Amino acid sequence: MTELSPVLKQATPVTVDHGSGCYLYGTDGRRYLDFTAGIGVTSTGHCHPQVVAAAQAQVATLIHGQYTTVMHKPLLELTEQLGSVLPDGLDTLFFANSGSEAVEAALRLARQATGRPNVIVFHGGFHGRTVAAASMTTSGTRFSAGFSPLMSGVHVAPFPTAYRYGWTEEEATEFALRELDYIFATLTSPAETAAFIVEPVLGEGGYIPGNRTFFRGLRERADEHGILLVVDEIQTGFGRTGKFFGHQHFDIRPDVITIGKGLASGFPLSGIATSRELMAKVWPGSQGGTYGGNAVACAAAIATLQVIESENLVQNAAERGTQLLAGMRAHDCKAIGDVRGLGLLVGAEFTTADGRPDRATATAAQQLAARKGLLLLTCGAYMNVVRMIPPLIVTETQVDDALGIWSDVLAEL
């Protein structure tokens, strides 16, 4: 009898029968309020009618047209549609399937375009599980342990994680930028540094937002030294933070962004966006892939963009995110040391009385929430942060419902 790998562990006890909007329905007949969204993937909710119709129509027309063999209309239309939401100057796209593939494509582009070997990533960042992406991931050793040696040429700089350092955000930011300059003096010369690769909000690292001063400092150093600023928008893009892309909170211009997750409402699709001039520096033949830019995934992505616009989901994410963050902060729970977030990325960090990470209580809270009908996930280096990532369609009432369950959970801990 065959079975799934025993290493794959479910975060919740739910086996799903079907999903609709913000809800999943288990085979046990129970309804669950889903504040995981497939780890930020089902941006328009489960089975949005417009996305379903687009995918169904495409399945009947063309399922797979391998895009270095033939071209198909959904890919061309999606490329054109993304032009209306991408940052100015990022007008050229390469599509893949997963976030890891997008990050690896961005790394390849950076090294080939600059002729430089090294990259700087930021402590707590998550960029994927494949070898190069895992080599750049520092949100937890579980993503990179056990298959060394990892890729060389990666240097890690601090992210302004004020709560962990016990500082103000200003102090943490000053430290992070000062240490970045020290890395230039001690570990990788600017002349050998191809790129900064950074998330606007640390995802797996604990839902820690960056800030304007920090990102402007990165932009200034990138411009000074000819380094590419690669912003990993895989979890923060497509409205998740209350702006279309997370970096737009900080008024900076990236050279490259990686995209994925919420792009196609659950269909596997990712990519990188950059300028035509920069993309032209990628070596011929180095981009490709069997399933990248799949026709059905592209049709779903087109519909997703239409739903985000027609239902005003970016603004909804901003408003409901403010409601969710305020509601979580309103609870006076001694087990929670910090509540933070940006848009519909909100995390509660559990700590012991002496301030140490408390994974056991975070896990207990997440599991108790599931039993009460609210699906959540944990994250952070110590897995002691409970995160809420509802679909962008979430309503005021549904946020209130989630906060009510969360209040009951905290009361029982």
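**Reading salt bridges**

Tutor: We start with one residue. Arg 221 counts as buried, because its relative accessibility is 15% and buried means under 20%. Keep in mind that this is a predicted model.

Student: Which residue forms a salt bridge with Arg 221?

Tutor: A salt bridge is judged by the distance from a side-chain nitrogen to a carboxyl oxygen, with a cut-off of 4 Å. Here the partner of Arg 221 is Asp 181, and the closest N and O atoms are 2.8 Å apart. The pair links distant parts of the chain. Arg 221 sits in helix α8, Asp 181 in helix α7, 40 residues apart.

Student: Is Asp 181 buried or partly exposed?

Tutor: Partly exposed, at 35% relative accessibility.

Student: How many salt bridges does the whole structure have?

Tutor: The search finds 14. One of them pairs Asp 223 with Arg 253, with closest N and O atoms 3.7 Å apart. Asp 223 is in helix α8, while Arg 253 is in the loop between β10 and β11. Asp 223 is partly exposed at 46%. Arg 253 is partly exposed too, at 43%.

Student: Where do Lys 372 and Glu 412 lie?

Tutor: Their side chains meet in a salt bridge, 2.7 Å from N to O. Lys 372 lies in the loop between α12 and β15, and Glu 412 in helix α13. That is a separation of 40 residues. Lys 372 is partly exposed, with a relative accessible area of 29%.

Student: Which residues are joined into one network?

Tutor: Arg 219, Asp 223, Arg 253 and Asp 255. Salt bridges that share partners join them.

Technical notes: Residues are numbered from 1 along each chain as its sequence is written. This is a predicted model: local features need pLDDT of at least 70, side-chain atom pairs count only at pLDDT 80 or more; totals for chains, interfaces and linings use all residues. Side-chain values use heavy atoms; hydrogens and water are left out. Helices (H or I, at least four residues) and strands (E, at least two) are DSSP runs, numbered from the N terminus. Buried means under 20% relative accessible area, exposed over 50%, partly exposed in between (1.4 Å probe, protein chains only).
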